[in-house]
Amino acid sequence: MHPLSAYIEGIGLLGPGLADWPAGQAVLGGREPYQPHKTVLPPPALLPAAERRRSCAIVKLTLATGLEAIAAAGLDAAKLPSVFSSSGGDGENCHIICEMLASNDRQISPTRFHNSVHNVAAGYWSIATGAMSSSSVLSAFDASFGAGLLEALSQVVVDDTRTVLLACDTPYPEPLYSARPIPDALGIALVLAPQRSAQALAQITVSLTDAGADQLDDGALESLRTAIPAARGLPLLRAIALRQDKHVVLDYLDSTRLTVAIAPC
Amino acid sequence: MNPLWLSHFTATSSIGRGLDQTLAAMRQRRGGLAPCAFDTVDLATFIGEVAGVDAVQLPAHLTDFNCRNNRLALLGLTQDGFAEAVRAAIAKYGAQRIGVFLGTSTSGILQTELAYRRRDPVTGALPPDFIYRTTHNTFSVADFARRYFGLTGPAVVVSSACSSSAKVFASARRMMAAGLIDAAVVGGVDSLCLTTLYGFNSLGLTSERPCRPFDAQRNGISIGEAAAFALLERTPEHLDADAVLLLGIGESSDAYHMSSPHPDGLGARMAMQDALKMAGLKPSEIDYIHLHGTATQSNDAAEAKAVRTVFGADTACSSTKGATGHTLGAAGGVGAVICALGLQHGFLPAGLNTEQLDPALGLDYLLQNRTQPVARVLSNSFGFGGTNCSLVFARAD
């Protein structure tokens with residue numbers, strides 16, 4: 001049995017009031033107040049023009065956070081395996097398809113259809129970065145961050161490879177919003193490595209636990225944590241922002257959660 | 001990798017419920033495709049519908065999960081003593097030591113498609129009986145399976161379109177090798193819905209006839225539905241000669257296009273080569289290739305190029321999508337079970353519906369069933385987004 005352990009070499013973050021990892025680090029570390037405002041998704045500059053036109057919110061969110069993490073780690077995205085984890089695919093695209101299928105004109109467009117797959121972000125990611133290595137594409141509803149972290153760590157320790165975890169969620173419009181009220185887009189990306197390197201930020205070691213998940217002190221951040229599946233990873237980012245040598249408990253399934261031992265490098 | 005044992009497996013598709021019916025249908029060259037009469041769909045296409053899905057009743061404590069995909073999942077789980085095997089594994093390993101890794105592409109989205117027809121005319125709200133989490137959400141089928149068995153270990157859905165239920169074997173292998181779990185329920189469930197029927201139609205990828213993989217005149221897929229499962233355990237010291245082992249897995253991405261394969265099958269080639277490498281086998285040691293073989297012009301051409309590059313032209317191969325239809329997120333699981341049956345019964349299934357092999361594809365594509373010893377096989381699953389996965393299975397002897 002291997003300890004599920006890896007070094008974090010780069011972090012990407014984008015969400016409401018969290019413009020990137022440096023900004024998020026200041027907020028989570030308590031150096032700046034949290035000021036919520038709507039997530040601004042940058043245009044996906046890396047995609048060819050045709051794909052850029054067809055891309056949707058979850059593609060933009062994934063590219064922004066993943067490329068931030070990989071740039072911070074000083075790595076080439078084309079060479080990295082990847083793990084995409086999200087509760088659902090693109091919310092807006094799903095709504096438009098369901099609306100059309102309930103209408104008299106069911107002829108959804110080819111782009112709508114291929115953007116409907118859960119792995120839409122993974123597909124555009126490999127086109128944008130040229131990455132031909134393995135890509136795991138997961139969902140575990142509210143446990144999606146934890147499921148992605150476990151998958152990424154098992155890649156690192158078993159296959160002895162670096163990988164990038166991309167945990168991203170986007171909102172549905174009404175009427176699906178009422179059934180699945182994810183308030184805004186939020187993504188966390190982590191580059192994980194099996195060996196310590198000069199750019200390593202922290203070593204993390206993960207195991208299953210029955211303990212309750214850690215909460216965030218700031219009320220607005222805590223409501224993000226519980227409302228957006230990817231934001232279940234924020235307590236880990238807070239500990240890294242504070243450079244704390246500590247354990248955090250991340251939310252996972254109703255039957256089990258994840259203890260993460262964090263040792264800053 | 002250390003070989004993993006498929007201690008139990010089962011498949012339910014339009015050609016039958018469970019292994020006996022599936023094997024009998026293949027031996028009799030009986031397909032499950034019929035003109036589409038699903039729901040209100042008005043498309044000239046053939047589908048592989050599983051009979052009796054709507055009669056399946058979920059247990060009383062799981063009625064929130066009631067949707068076509070989970071009904072089909074339960075129908076599949078209760079064939080061939082599979083559920084009993086999972087319960088025996090729980091008694092052996094413990095409920096937290098068994099992971100759930102299931103593939104699906106569309107989950108229970110049909111439930112949402114139907115709910116959108118019943119929106120409140122004034123507010124636009126979905127009807128009050130609509131439950132998103134346990135039906136539509138991508139995770140729903142794995143959540144259903146873990147609750148059905150009372151499993152408390154890691155659980156996840158892999159949703160990478162038509163490679164989903166091949167890639168579940170990769171995730172399960174890694175988590176078993178990491179020591180987080182001792183066994184895994186793997187597989188895939190995908191069910192008919194309007195999104196895929198109208199979606200593939202919009203791409204011009206559905207045939208108006210039963211699909212004809214590798215035929216010179218092939219002109220598109222027939223969509224099917226299926227539930228396929230395997231229980232993965234570490235290989236014990238003593239195994240029956242006909243026990244089925246997973247020897248290797250290869251995964252890759254095309255980095256080319258969202259809905260067209262790399263024209264030279266580059267990603268497919270990498271997946272097959274990596275699976276062989278992990279298994280420690282030469283291409284010549286593979287007796288049969290279960291092709292992805294969807295019957296679109298470009299998919300079959302790209303796959304044939306990739307297979308020729310890795311194996312040459314002489315390895316027996318076929319696609320079973322002419323029988324089952326393309327079961328999308330369940331296709332990898334169905335392929336794994338068909339390979340396991342082939343290994344145990346010394347049987348290679350012919351591809352159905354194909355009348356005139358496309359000479360440009362240049363493979364030993366089976367148009368007749370073959371009965372012969374089968375020791376090692378490879379199964380391909382490729383999907384939208386350029387996702388590829390190949391699996392190598394072998395008999396224990």
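The following legends describe close-up views of a predicted model.

View 1. With a relative accessible area of 0%, B:N70 is buried. A polar contact of 2.9 Å joins the side chain of B:N70 to that of B:S140. Leaving aside residues up to four places away in sequence, B:N70 touches B:L58, B:F65, B:T134, B:S140, B:V141 and B:F144. Two of these neighbours, B:F65 and B:F144, also belong to an aromatic cluster, together with B:Y148 and B:F149.

**View 2. The aromatic pair A:F84 and A:W125.** Over all chains the count of aromatic pairs is 12. In the pair shown here, the rings of A:F84 and A:W125 are edge-to-face, at 6.2 Å centre to centre and with 75° between the planes. The pair links distant parts of the chain, 41 residues apart: A:F84 is in strand 2 (residues 82–85) of chain A and A:W125 in helix 6 (residues 120–129) of chain A. Both A:F84 and A:W125 are buried.

View 3. A:Y172 is buried, at a relative accessible area of 8%. B:Y132 is buried as well, at 3%.

**View 4. Helix 6 of chain A and the residue that follows.** Of the 10 residues in helix 6 of chain A, 10 are buried, so this helix is largely enclosed by the rest of the structure. The buried residues include A:V120, A:G123, A:Y124, A:W125, A:S126 and A:T129. A:G130 follows helix 6 of chain A and has a positive phi, near 80°.

**View 5. Arginines over aromatic rings.** In chain A, the charged end of A:R180 sits over the ring of A:F141, at 3.7 Å from the ring centre. In chain B, B:R27 lies over the face of B:F347, and the distance to the ring centre is 5.0 Å.

**View 6. The salt bridge between A:R162 and A:E9.** The structure holds 34 salt bridges over all chains. In the one between A:R162 and A:E9, the closest N and O atoms are 2.5 Å apart. A:R162 lies in the loop between helix 7 (144–159) and strand 4 of chain A, and A:E9 in strand 1 (residues 4–14) of chain A, so the pair ties together parts that are 153 residues apart in sequence. A:R162 is partly exposed, with a relative accessible area of 28%. A:E9, by contrast, is buried, with a relative accessible area of 1%.

**View 7. Salt bridges of B:R147 with A:D254 and B:D143.** B:R147 forms a salt bridge with A:D254, with 2.9 Å between the closest N and O atoms. This pair joins two chains, because A:D254 is in the loop between strand 7 (246–253) and strand 8 (256–264) of chain A, and B:R147 is in helix 6 (residues 140–149) of chain B. A:D254 is partly exposed, at 48% relative accessibility. B:R147 is also partly exposed, with a relative accessible area of 30%. The side chain of B:R147 meets that of B:D143 in a salt bridge too, at 3.0 Å from N to O. B:R147 and B:D143 are 4 residues apart in helix 6 of chain B, so about one helical turn separates them. B:D143 is buried, with a relative accessible area of 2%.

**View 8. A salt-bridge network with residues of chains A and B.** Salt bridges link A:E151, A:D159, B:K167, B:R173, B:R174 and B:E251 in a network.

**View 9. A:A49 in helix 2 of chain A.** A:A49 is placed in helix 2, residues 49–54, of chain A. The relative accessible area of A:A49 is 43%, so this residue is partly exposed. A:A49 and A:A73 are 24 residues apart in sequence, and the C-alpha to C-alpha distance in space is 27 Å.

Terms used: Residues numbered from 1 in each chain as written. Chains lettered and ligands numbered in written order. Predicted model: local features only at pLDDT ≥ 70, side-chain atom pairs only at ≥ 80, totals over all residues. Heavy atoms only, no water. Buried < 20%, exposed > 50% of the residue type's maximum accessible area, 1.4 Å probe, protein only. Polar contact = N/O pair within 3.5 Å; in protein donor to acceptor, adjacent residues only side chain to side chain. Contact = heavy atoms within 4.5 Å. Phe/Tyr/Trp six-rings, centres within 6.5 Å; stacked < 30°, edge-to-face > 60°. Lys NZ or Arg CZ within 6 Å of the ring centre and 35° of its normal. Salt bridge = Lys/Arg side-chain N within 4 Å of Asp/Glu carboxyl O.
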